[in-house]
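Please consider the structure shown below together with its sequence. The paragraphs that follow describe its chains one after another and then turn to a contact between two of them.

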Amino acid sequence: MNKNNVLEVRNLTMRFGGLVAVNDLSFDVREQEIVGIIGPNGAGKTTVFNCITQFYKDDEGEIWFRNNDNEEVNLNDVKVTDVINHGLVRTFQNVELVRDLSIIDNILIGAHNQFKTNVFQHLFNGRGVRKEEQALRDKAMKILTFLKLDHLKDQYAYGQPYGVLKKIEIARTLMCNPKVIILDEPAAGLNDRETDELSEIIEQIRDEYQCSIVLIEHDMGFVMDICDRICAINFGKFLAMDTPQKIQSNPLVQEAYLGGDDDVESPGS
Amino acid sequence: MTTIKQLLKTNYPARFILFGVILSLLPIFSEIGVLQNSTVRLIGYVIIFTVVALGLNLLLGFSGLVSLGTAGFMGFGAYMFVFISTNVFDGFLVAMLLTLVIAGLLGAVIGLLSLKVEGIYLAIATLFIGEIFLQIFRNVDWFTGGFSGMRHHHPTFNLLFTEITLTRNWTYVLMVLIMVVVMIMMYHLVHSRTGRALMAMSRSEHAAQAMGVSILKYRLIAFIFATVLATLGGVLYISYFRFVDPSPWNLNRSLFIIAMVVVGGFKSIFGTALGAFIIHGIPELYLKDIFSGNPEFSYIFAGILIIVVIMFYPNGAIYVGYDVKKLYYKHVYPRRLPYITLKQIYKQNLATAADDAKKQLKATYKNQRQELRSAIGAKLEQLRAKHQQCLADIKATYQAAIAAAPDGDQTKRQLLKKQRQVALSECKQQHRIDKLAIYRNAVTELMVIDDE
Amino acid sequence: MDIFFTLLFSSLETGSVYALAALGIVLIFRTSKTTNFAQGSIGTLNAFVAAMLFLSWDMNIWIATLLAMVTAFITGVLIDRFIIRPASKANAISKQIITLGLIMVIIGIIPMLFGVDPLSLPRFFEVNASTQFDVFGARISYNAIFIISLSLGLMGFLFWFLQYTKWGLAIRVTASNEITSRLMGVPTRTVTMASWATAAMFGTLAAIIVAPSGSVNSLMMVDVQVNAFFACVLGGFGTFYGAVVGAYLIAFAKSSAQFYVSDIWGNVYVYLVILLLLYLMPNGLFGKKQLKKV
């Protein structure tokens, strides 16, 4: 792996029956970088994320990741539930929270693997369990304060506005000392004000937690505004990866988005 | 008293202990003849069901998995306990622990099955297991005694030099103790990392996996916990009733236990106990005598309750108290507030008043309350008159307008009728606000007078 | 060979009963997204109607059966209209539990309406030496032939109906995606109601068929209900025909295992084999694995 890179996807291919969802895709993510993945609907963006986080086992390719201990691991050798232990964590396109748990409890789920106590100890709720719970609760509280959600901590996730739910999901990813956070359409369903707030939050997270962020998003203004580099794909195939300005002027990308049609608004407008 | 109240507020499990203490006093009432012996036995059965249903609640409420084999495991616990007591070691604790360990292993097998088999397929797979158990209970004579069943004695404890066998009432107390321990453990478990993982697993499997929750591990935990508690229920059953035969452990019994969880309240520990009481206790205690001509009435009761609770009250019966409170604060409390304030002021005055002035104060208070009531009443009366006028005005106006509209113009008439509707509801809304304002003003006035 | 054919004929007869009940369960599962635990109980309730008509009103068994079908239809419609539809927003487990509640209500209502004593129903055709004949050395009665052909005919008609009529198409699309179907103008409410009514009629027919071999009592369908479920998981809930095939397979496996292996443990072995099969094929013999969308 290149020394500056934290994630390298090499020649990733994923097929569903006859459909090639991802076709020989390669890209990399550097330390403390915000990378956007763009592409028309059905381009295979979410499939890429599912392959990286091992929800799907890819057909070909390698996914190299520099983990928290500075070791290089091929994520394809890692179980889906162990991915988070290396410092790679994700959110979901449709918010996936436990509706009937309080917000702080939802965030504590993100710290699942940091608990060292086992189920028998939990039955008896000894001192060790309580101490550990308190320590992680404090950590969760810090994150909530950081995201300005602390006043909501004991409310149920159920019935919260969509913007808050998205923020809770992001807060949950922060519990695990992430090296790379993968956000699947973080701005979808947010209004303009919430989107602006989100871009601020994402940049703050990058600086505060010193991690890289990879995101899929359809809101081009948001992507162009926030990303250091953008990877464009279409029909599972790599089109280009470059800075936002260069991506906008890339003819391949323009064609994929505009299809040569003049009356469609240009991306970024 | 206040310290106990404080303890109950800060330490939730203390409530389970208090609950247990109250329950274990019941045999004393039956000794002195206030309660019938059969009632205590019935409550004993409810306690057994509570233990079993708590296990199922962890499965159903927290982990979103259904089991139709609960009754089979209860029966298994009873038979296994007798078998171990007669053939291995006749002491309650040892035999119970051995039984539970075996049950845990069986639970793990189902847990493994649940990894592959999902949803309704899984529920029916547990039904297979229940049917296999039933066949074993009926036919393996050396283990179960076949249709004639098995007898056993109340629990024995081997102390250093002596052996103690409990009486029936002490067995009851032991069951209460075990139930309280199970409740406390369950409370701790669901409020820990394990509980959160179980909920994450059932509500969103993918998010749980992404957060590092192993589905295998937590399905195993859920099934082991549920089978161990079902089996524990069986152990308590044989220890308390001293007889077991194959008849009770069928699908219907499993369904009843599910009903307890649903009616009492998913995810609620006290709710589960309440559900067990409602489903098993109430029909036997109260309804049997009323509907003595139809012993099956308890079924209708339980059935309708299940349907009604799911359709209209999905949180379960345990929420009734909470909801009643909420309704009270929304609708009744504002109207009562002036009187409550007045009483508070009176009490404050009373506390600081000299002894001989107290009588005087009380008289004044009564007077004041009377005055307040009539003052508010008068204002309400005035408001009502105004409201009636408002309604009448609107009706008259639109009546005229509708009459004036040409006969053929239906759209215009419809429109006018709709407008009338809106105007009327606005008027009613205003009336409601004004009414509340009267109460509020009364409170403010009282406060002002008090300050002076 | 004659033993084989005896087993085959008897399992075709019990298999028909299982298949009728199982098809009702699958029909409801696909259209209402709930497993109807009350399938057997609804059948029992209407079998009581038939038995009462037959015993107290001296009606012909055929007319009694037809009238019981009518009441079954009404029962199905009522249950759908007043219980299932209002609860359609509830989650899957809750809806299942509602049908558990239904069982209890029916078990409680039966003694109120029909008394506590068990009733009895005769066979459609009397079974004696003159109404049986030999096939490959095995005896088969007119009654059994009638039951088997009636069930197969009814199920065949249902499959034809599902496959080749407009309403069959409506049922199939509702089964595959209710919301889209409703948006496309398919009257999904009527489809669901028709499924409940059909399932209730199938369950009732199954109950009337099994009744003569025992008595008409509130627990008479427990065994059928349980085996119909087993048939559904064996064949898979994903197709309509899977449950039918599963039903005949289970009936045959059980009677063979009971005869050749052990009359007590035969059932258990069959259940264990199905469990193992289920572990290997979690969606049944004809079910397809569904890829979960992340």
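Helices (H or I, at least four residues) and strands (E, at least two) are DSSP runs, numbered from the N terminus. This is a predicted model, in which local features need pLDDT of at least 70 and side-chain atom pairs count only at pLDDT 80 or more, while totals for chains, interfaces and linings use all residues. Residues are numbered from 1 along each chain as its sequence is written, and chains are lettered from A and ligands numbered from 1 in the order in which they are written. For the complex, the predictor gives an ipTM of 0.89 and a pTM of 0.84.

The description begins with chain A. The secondary structure of chain A consists of nine helices and 10 strands. Chain A is as compact as a globular protein of its length, because its radius of gyration is 19 Å, close to the 18 Å that the globule rule gives for 269 residues. Here the radius of gyration is taken over C-alpha atoms, and the globule rule is 2.2 Å times the number of residues to the power 0.38. The C-alpha trace of chain A spans about 65 × 40 × 35 Å along its principal axes. Of the 269 residues in chain A, 42% are buried. A residue is buried if 20 or more other C-beta atoms lie within 10 Å of its own, exposed if 12 or fewer, and partly exposed in between, with C-beta atoms placed from the backbone.

Chain A is assigned two parts, domain 1 (1-87 + 180-202 + 218-269) and domain 2 (96-178); such bounds come from an automatic or database domain assignment. The C-alpha centres of domain 1 of chain A and domain 2 of chain A are 28 Å apart. Between these domains, 11 residues of domain 1 of chain A are in contact with 10 residues of domain 2 of chain A, two residues being in contact if their C-beta atoms, placed from the backbone, lie within 7 Å. On the side of domain 1 of chain A that touches domain 2 of chain A, the elements giving two or more residues are strand 7 (180-184) and helix 6 (192-209) of chain A. The residues of that side of domain 1 of chain A comprise six nonpolar, four polar and one charged. In this division, Ala, Val, Leu, Ile, Met, Phe, Trp, Tyr, Cys and Pro count as nonpolar, Asp, Glu, Lys and Arg as charged, and the others, Gly among them, as polar.

Several strands of chain A can be followed through their pairing, where two strands pair if DSSP finds at least two bridges between them. Strand 1 (residues 5-16) of chain A pairs with strand 4 (residues 60-66) of chain A in the antiparallel sense over five bridges. Thr13(A) has Glu60(A), in strand 4 of chain A, as its bridge partner. Strand 4 of chain A also pairs in the antiparallel sense with strand 5 (residues 72-74) of chain A, over three bridges. There, Arg66(A) stands opposite Glu72(A) in strand 5 of chain A. The hairpin of strand 4 of chain A and strand 5 of chain A has five residues between the strands, and in it Asn70(A) takes a positive phi near 65 degrees.

Chain B contains 18 helices and four strands. Its radius of gyration is 31 Å, whereas a compact globule of 452 residues would have one near 22 Å. The C-alpha trace of chain B spans about 90 × 80 × 55 Å along its principal axes. Chain B is divided into domain 1 (2-315) and domain 2 (324-451), and the C-alpha centres of these two domains of chain B lie 51 Å apart. Buried residues account for 40% of the 452 residues in chain B.

One residue of chain B may be examined individually. Thr156(B) lies in strand 2 (residues 156-158) of chain B. Thr156(B) counts as partly exposed because it has 16 C-beta neighbours inside 10 Å. Not counting residues up to four places away in sequence, Thr156(B) touches Asp90(B), Gly91(B), Phe92(B), Glu163(B), Ile164(B) and Thr165(B).

The contact between chain B and chain C takes 35 residues from chain B and 36 residues from chain C. On the side of chain B that touches chain C, the elements giving two or more residues are helix 6 (92-116), helix 7 (119-139), helix 13 (251-264) and helix 15 (297-312) of chain B. The residues of this side of chain B divide into 26 nonpolar, five polar and four charged.
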